[in-house]
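Here's a quick walk through one protein chain, from a single side chain out to the overall fold. Have the viewer open and follow along.

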Amino acid sequence: MSHPAYGVRREVSPSAAVVLENNPSTMTLEGTNTWVLRAPGSAECVIVDPGYQDLDHLSLLAEQGPVAVILLTHHHPDHVEGAPWLAERVQAPVRAFDAALCRDAGPFADGDVISAGGLDIEVLHTPGHTGDSVCLRVGDQVLTGDTILGRGTTVLTDLGAYLDSLRRLIELPSGLLALPGHGPEMADLRAVAQEYLDHREQRLAQVRAALEKLGADATARQVVELVYADVDRALWAPAEHSVNAQLAYLRSHRPG
């Protein structure tokens with residue numbers, strides 16, 4: 001079964017399946033990937049990123065069996081809005097890096113290992129897309145949330161933190177399966193993280209060149225109009241967020 005497949009559970013590995021929410025857009029690609037984690041033979045499962053409060057989608061998640069815990073990769077509503085409804089329906093706690101998102105359990109921290117659904121799930125704090133973004137490593141696979149997408153690049157709030165997060169992912173073993181918050185899975189997380197890092201460095205070089213042409217005090221919008229001239233204008237608004245992060249990074253790293 002190929003991606004996307006709305007309204008059905010698609011097995012990706014012996015311990016991970018995806019239920020794709022029908023909320024496609026330029027920002028969510030085909031929609032939000034809700035991951036269902038369960039060790040072979042385990043009665044309980046773990047739900048990661050329930051998505052919007054979409055009752056058709058959430059009802060399907062509630063049918064996946066007893067839910068040990070609901071985990072959130074970051075605070076954006078296309079990942080977390082439906083968590084309170086699902087938590088109430090299946091009587092499961094909600095855990096996230098941000099304590100404000102948690103319910104009936106405390107927040108997790110970098111390096112924590114969550115044992116649930118017969119699995120050990122390691123938390124990797126990977127800020128950059130948001131300050132509370134995490135990846136979740138489960139054996140030879142990593143759920144990347146919006147830190148790395150199945151296609152294209154992610155919007156940033158803090159480029160310096162994001163570059164550090166990419167370098168951290170590059171230090172992981174090669175061949176780990178990447179399970180993103182949007183888009184299809186990828187065979188080698190380390191290789192994709194290296195591609196992302198190379199892309200960001202290329203974009204930084206383009207922004208530096210744009211500033212030389214436009215002046216050091218150019219706005220993010222002016223830079224977008226120059227650097228992203230060949231990109232669909234529907235993507236200029238999110239690109240402007242990323243350029244703001246790049247400008248903040250470059251201006252904080254000025255010599256002297």
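## A glutamate tucked inside

The side chain of Glu21 has a polar atom 3.2 Å from the backbone nitrogen of Tyr52. Keep in mind as you look that this is a predicted model. To find Glu21, go to the loop that runs between strand 2 (16-20) and strand 3 (33-37).

Does Glu21 sit buried or exposed, and which side chain of opposite charge is nearest? Glu21 is buried, yet it has no salt bridge. The nearest oppositely charged side chain belongs to Arg89, and that one is 14 Å away. Setting aside neighbours within four places in sequence, the residues in contact with Glu21 include Tyr6, Pro50, Gly51, Tyr52 and His57. Glu30, Asp54 and Asp78 are also among its contacts.

Next, look at strand 10 (residues 141-145), where you'll find Leu143. Why does Leu143 count as buried? Because its relative accessibility is 1%, and the cut-off for buried is under 20%.

Not counting residues up to four places away in sequence, Leu143 touches Trp35, Leu37, Val48, Val134, Cys135, Leu136, Val138 and Leu179.

The largest nonpolar core has 39 residues, and the members that touch the most others are Ile148, Leu169, Leu189 and Val223. Helix 4 (159-170), helix 5 (189-214), helix 6 (220-227) and helix 7 (236-252) are the elements that give two or more residues to this core. Which helix gives the most? That's helix 5, with 9 residues.

## The whole chain

Zooming out, the secondary structure comes to 7 helices and 11 strands. The radius of gyration is 19 Å, close to the 18 Å that the globule rule gives for 256 residues, so the chain is as compact as a globular protein of that length. Along its principal axes, the C-alpha trace spans about 60 × 35 × 35 Å.

Buried residues make up 52% of the chain's 256 residues. Of the contacts with a separation of 6 or more, 54% come from residues 24 or more positions apart.

Notes. Residues numbered from 1 in each chain as written. Predicted model: local features only at pLDDT ≥ 70, side-chain atom pairs only at ≥ 80, totals over all residues. Heavy atoms only, no water. Helix = DSSP H or I, 4+ residues; strand = E, 2+ residues; numbered from the N terminus. Buried < 20%, exposed > 50% of the residue type's maximum accessible area, 1.4 Å probe, protein only. Lys, Arg positive; Asp, Glu negative; His and termini not counted. Salt bridge = Lys/Arg side-chain N within 4 Å of Asp/Glu carboxyl O. Polar contact = N/O pair within 3.5 Å; in protein donor to acceptor, adjacent residues only side chain to side chain. Contact = heavy atoms within 4.5 Å. Core = buried A, V, L, I, M, F, W, Y, C linked by side-chain atoms within 4.5 Å. Rg over C-alpha atoms; globule rule 2.2 N^0.38 Å.
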